[in-house]
Amino acid sequence: MVALPKTEPTLVPQKAEAPMLFDILESLRAALQSIRAHGFRSFLTTLGIIIGVAAVIAMVALIQGFRFTVMQQFAGLGTNSLTIQSYTPFSERLQGRIARITPDDVDLISQRVDGIAWLTPILYSQGGSLNQVRYGSQVTATQVFGSTHTYAEVGNVYIKSGTGRFISDSDNLTRRRVAVIGEEVRRNLSLPENPVGEFIKVGEEWVRVIGLIEERGQFLGQSQDNFVVLPFNTMRTLVGNQIQPDIFVQLTASDIAQIDTIRARIRALLRESHRLSADRDDDFQVQTSQQLADTFNNIIGSVTLVMGGIVGISLLVGGIGIMNIMLVSVTERTKEIGICKAIGAKRHQILLQFLFESLLLCLFGGFIGLLIGYGVGAAVSAVIPNFPSAIVPLWAVALAFGFSALVGLVFGIMPAAKAANLDPIIALRYE
């Protein structure tokens, strides 16, 4: 048999009259000494906490980084913006009805709603060949839609310096075959740096490029530069009269204080225009950018809560592991506890040491897990193309340490109580 080295008792008895603060400091010192004396076992004990906290922090870092980027995009829309689109309730779909926002609806809103600064209708292609754009031998799939000159104001898009102009009102009135393109379309079609004057084929129609939009990058992993804008009436011609258009509308209010009034007025007009009875749901949606942001926040919050609950199970497992190890530690140090009690150690002093030992183990595990979790989150966000950078909010840091401390206290109280309640005579006889 291999002889084990003798270790000095880590429990140091204190005088009965010692103040409570001195007892706490001495218990902390003894707990740290015990953790250091059994370093490898301490590491294994905290492994469950490390893995649990790391998983939670990595998940939160990725989700919150994604949320921060999306909220910046919503902020770019402006708090005074509104979007109007068709919406067919499920009951209506069962009856074969499909809701649409028509050109007459757009005219009604623009003529009878006060307080609108800018309004732009957007008509998207209905799929098929209109989404195919050709230049020479190059072909690319892109988003093609028609709009008016106000789209530049509402959509916050700008023409790249020295590369033409945006669609004008006269382009729309005369149904000119002209287009403004995004930077990714230019690259995909191998167009010149300044593509103004070049002809591209949209579906079966040739149109002349009159402008190039400044590059805007990615949003939700999708390019914001892969599109072609035609004049609204030109797009209606290309879509054809046999297809009833479904128009998406964006507008901005002159005064943000009137945004709710404008929204209510639009809702009343559209319900009247669509002849909806009081018992029928709206067949359209009128949403502010803040409502869209709130909806997204609710979704992200629910995902975070569910994922956090699932990953948090590992923290529970880690806490049970710490309790088991601490119970074993109490058994191993039974004689040491008996000696300390025999020479004057009080019950609360022994209780504090074992409780602090469990608490410190969990806090150390939480700190290491926090570092590893952020590292994993940052690495994953860097590996995934166009994914936002990982962000760890302060509430996540506080939650990691708070939960670790709670686990240490809850699962450390039983071993600590067992050690404190040992009978010194029985403990001294333990072999």
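How much space lies in the second largest cavity? I looked it up and noted about 60 Å³. The model I am reading is a predicted one.

**Entry 1: cavities**

I searched the whole structure for cavities of 30 Å³ or more and found three. I then stayed with the second largest cavity and listed its lining. S34, I35, H38, R41, S42 and T45 are among the lining residues. I325, M326, S329, E357 and L361 also belong to the lining.

Which helices each supply at least two residues of this lining? I wrote down α1 (20-37), α2 (39-77), α10 (289-332) and α12 (347-383). Next I sorted the lining by class. I got four nonpolar, five polar and two charged residues.

**Entry 2: a helix pair**

I turned to α4 and α9. Two packed helices are described by the angle between their axes and the distance between the axes. Helix α4 covers residues 103-112, and helix α9 covers residues 259-273. They pack at an angle of about 140°. Their axes are 10 Å apart.

Why do I call α4 oblique to α9? The angle is about 140°, and roughly antiparallel would need an angle over 145 degrees, so α4 counts as oblique to α9. I also noted the handedness: α4 passes α9 in a right-handed crossing.

Which residues make the contact? From α4 I listed D105, L108, I109 and R112. From α9 I listed R265, I266, L269, L270 and S273. By class, this contact has five nonpolar, one polar and three charged residues.

Conventions. Residues are numbered from 1 along each chain as its sequence is written. This is a predicted model: local features need pLDDT of at least 70, side-chain atom pairs count only at pLDDT 80 or more; totals for chains, interfaces and linings use all residues. Side-chain values use heavy atoms; hydrogens and water are left out. On a 1 Å grid over the protein atoms alone, a cavity is a set of points where a 1.4 Å probe fits but cannot get out, and a pocket is an open set with protein on both sides within 12 Å along at least five of seven lines; lining residues have an atom within 4 Å of a point. Grid points are joined across faces, edges and corners, and a volume is the space filled by probe spheres set on the points. Helices (H or I, at least four residues) and strands (E, at least two) are DSSP runs, numbered from the N terminus. Ala, Val, Leu, Ile, Met, Phe, Trp, Tyr, Cys and Pro count as nonpolar, Asp, Glu, Lys and Arg as charged, and the others, Gly among them, as polar. Axes are lines fitted to C-alpha atoms, for helices over the stretch in contact, and angles run from 0 to 180 degrees between N-to-C directions. Angles under 35 degrees count as roughly parallel, over 145 as roughly antiparallel, 65 to 115 as roughly perpendicular and the rest as oblique. A crossing is left-handed if the near helix is turned anticlockwise from the far one by less than a right angle, and right-handed if clockwise. Contact means heavy atoms within 4.5 Å.
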